Amino acid sequence: RVFEGMVSGCCFMVETRLFFDLGLFDEEVFLYAEEYILGLKLHKRGLLSMYYPQARIIHNHGSSTKGTSSAFVNFHRYRSAFYTLVNYCEGKRWQKRLVRYQIVALYATRSLLDAGYRQRLPLLIRDLREIEDAQERLKSSQNN
């Protein structure tokens, strides 16, 4: 079956030449969003993905994050999602900033009851601001 987008990261194959042409994985994301970014890159080139529905993959869900706190997992989930939004998706600056505020508000709410969230909240705020600022500097330098 052929579709627009990308399959889940638990198991996928990409032709080596195409993977290099797409720029490999973006090193700014960790644990989450890699396959979504690849799907966006494929879409930009007018390429489609395929999957074989009869394939069976045994996937040990969460084994890479087992034993880590949900604060750790959500830190990387939110950071990667925001990075992807800012760097790969269309949208106005105010829309992206609104998403940043929503992420911080959700994380801050969880920090009221969980020390892990409290510990990472300043890091998340810093990282999200840096992601947005880096994109603004890049756009500004391209316009000059």
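## Exercises on rings and cores

Among the elements of the protein, α4 has the highest mean pLDDT (96) and strand β1 (residues 2-3) the lowest (73). Here pLDDT is the predictor's confidence in each residue, from 0 to 100. Helices (H or I, at least four residues) and strands (E, at least two) are DSSP runs, numbered from the N terminus. This is a predicted model, where local features need pLDDT of at least 70, side-chain atom pairs count only at pLDDT 80 or more, and totals for chains, interfaces and linings use all residues. Residues are numbered from 1 along each chain as its sequence is written, and side-chain values use heavy atoms, with hydrogens and water left out.

**Exercise 1.** Classify the ring pair of Phe19 and Phe25.

*Solution.*
- Recall the rule: rings of Phe, Tyr and Trp (its six-membered ring) pair if their centres lie within 6.5 Å; planes under 30 degrees apart count as stacked, over 60 as edge-to-face and the rest as tilted.
- A search of the whole structure finds 5 aromatic pairs.
- For Phe19 and Phe25, the centres are 5.1 Å apart and the planes make 80°, an edge-to-face pair.
- Now check exposure: buried means under 20% relative accessible area, exposed over 50%, partly exposed in between (1.4 Å probe, protein chains only).
- Phe19 has 18%, so Phe19 is buried.
- Phe25 has 38%, so Phe25 is partly exposed.

**Exercise 2.** Work out how the rings of Phe30 and Phe72 are arranged, and where they sit in the chain.

*Solution.*
- The ring centres lie 6.5 Å apart and the planes stand at 80°, so this pair is edge-to-face.
- Phe30 is in the loop between α1 (16-21) and α2 (34-44), while Phe72 is in helix α3 (residues 70-88).
- The two are 42 residues apart, so the pair links distant parts of the chain.
- Phe30 is partly exposed at 43% relative accessible area.
- Phe72, at 21%, also counts as partly exposed.

**Exercise 3.** Describe the largest nonpolar core.

*Solution.*
- A nonpolar core is a set of buried Ala, Val, Leu, Ile, Met, Phe, Trp, Tyr and Cys residues joined through side-chain atoms within 4.5 Å.
- This core has 17 residues; Val29, Phe82, Ile103, Tyr107, Leu124, Leu128 and Ile131 touch the most other members.
- Two or more residues come from each of α3, α4 (93-111) and α5 (115-143).
- Helix α3 gives the largest share, 6 residues.
- A second, separate core of 5 residues includes Met6, Phe19, Leu38 and Leu42.
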